[in-house]
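Please look over the sequence and the structure below. The text that follows goes through a few places in it, one after another.

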Amino acid sequence: MGVSENPAWLDSRLTSGKAFDGTWSTALASVRDVKEPATGQVLSQVGIASAADMRAAIGRAHAAQPAWAAMGPRERSAVFHRAAALFQQHFAELALTIARETGGILPKGQHEVNESITLCHLAAGLPMQAQGQVLPSGPGRLSFARRVPHGVVGVISPFNFPLILSLRAVAPALALGNAVVLKPDTRTPVSGGFIIARVFEEAGLPAGVLQVLPGDAEAGEALVVDPRVPMIAFTGSPAVGRRIGALAGEHLKKVSLELGGANNLIVLEDADLDAAASAAAFGAWFHQGQICMASNRILVHESIAEGFKARMVGKATHLPVGDGASGQVALGPMIDAKQLAHFDSVIQDSVKQGAVLEAGGTYEGLCYKPTVLSGVKPGIRSFDEEPFGPVVNLVTFRTDDEAVQLANTSQGGLAAAVISPSIGRALAIGQRLRAGMVHINDQTVCDECTNPFGGPGIGGNGGSVGGPADIDEYTQWQWITVKDAPPLFPF
């Protein structure tokens, strides 16, 4: 099997080319190898769902959902407490599996499992919360509104943080009474799908309520257009997000999109340069920059630009790159050759357009060295696009107004940050930035599970998931009135 060095719990059912439908009995249309990015070793074979496979899974979820929604809140809550305990119990095995399948360093895999434990505990609390409110009405009538599940929620998740970015939708959607059909990325099917299936299988989730089947665009489109699926939660690229948004609108579905965009880290002239450089390096290079919140642009006041650049070049030169699961490196490989080629084309085009390559810009295998570009400005590809790779784009500014103008030169973004000991000034700048999340004296890669997560424009169509946003996302209002007896009407 190969997905773990201790496969006692993550056994061959997860890699047998089948879907999870409450059991592991449904074979999918075709199979494909899943390779470890760092070594090229085949980790598993994953089944690839066809449109017909997807429609069958939706039918199973649709049939199982009413009984799950009718289950008592304490019984539903208990499933998620047990799931959290299972993530904790198998922590080391799960973290290593994620590191190997995603090409991440081991602490990144550990972070995904830690956050999943938290996500399950948060989901366990949702069924126990008040689900509506009593409304004012006329004499003799009880009027109240309650939150009810959508029914079946389709979740399409990406490769970069596959466990978190799947579970952050799957867990609250299930906890609030929905069934879920999950389509993880075919490059990370175990981390993004079958780990979740295995956990909830053992945690006692009723069969059929969760369906997990990887697939390509054919299966994804079948999920989006099926009338039995009233909501789609998608995390991924703006191009695919636009396609899903258009299809969902055509079929009158609710859609939650989290797409990325430009994220800006602004360093003011009074900042501690060493601390700011450390924050920028982490924000731009962690997990090879393959993060929707990555610090794509580092806006630095011109008076400190040279000193800041020297620090970034020093870090880029000395940070080791290689097999993330080895425990010996800071950056692992890109997810696959296609992603690496796209990122390299962004770097090479940007240099041709006038950016200066200060460090990096080369790769070995799928391992791309941490890269620093200076002289980046609007019109240069690495400024205008989300690179989704390990690059620090250095952009200089003279005034606070110019920094805000540069940062807001985009189609939207998830996160922004401002570094300065002048808290009032930094906050005043932050409040002018077009971003869903703003951090003062931090970098942009921040998420605590309890916060609403989302952004404007291509950051994600203005919606949010997580924390207080989850009940709004995964349920809908239903208004109910009650009278003692039907009145006589003047007809």
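**A walk through the model**

V482 counts as partly exposed, because its relative accessibility is 40% and the partly exposed class lies between buried, under 20%, and exposed, over 50%. The model is a predicted one. V482 sits in strand β23, which covers residues 475-483.

Next comes a pair of helices. Helix α2 spans residues 73-89 and helix α4 spans residues 106-125; the two pack with their axes 8 Å apart, at an angle of about 165°. That angle makes α2 roughly antiparallel to α4, since angles over 145 degrees are counted in that class. The crossing of α2 past α4 is left-handed.

The last stop is the backbone at two loop residues. L252 is not a glycine, yet its phi is positive, at about 55°. L252 belongs to the loop that lies between α8 (238-250) and β11 (254-258). With a relative accessible area of 78%, L252 is exposed, because the cut-off for that class is over 50%.

C449 is likewise a residue other than glycine with a positive phi, here near 70°. Its loop runs between β20 (437-440) and β21 (453-454). Is C449 buried or exposed? C449 is buried, because its relative accessible area is 7% and buried means under 20%.

How values were computed
Residues are numbered from 1 along each chain as its sequence is written. This is a predicted model: local features need pLDDT of at least 70, side-chain atom pairs count only at pLDDT 80 or more; totals for chains, interfaces and linings use all residues. Side-chain values use heavy atoms; hydrogens and water are left out. Helices (H or I, at least four residues) and strands (E, at least two) are DSSP runs, numbered from the N terminus. Buried means under 20% relative accessible area, exposed over 50%, partly exposed in between (1.4 Å probe, protein chains only). Axes are lines fitted to C-alpha atoms, for helices over the stretch in contact, and angles run from 0 to 180 degrees between N-to-C directions. Angles under 35 degrees count as roughly parallel, over 145 as roughly antiparallel, 65 to 115 as roughly perpendicular and the rest as oblique. A crossing is left-handed if the near helix is turned anticlockwise from the far one by less than a right angle, and right-handed if clockwise.
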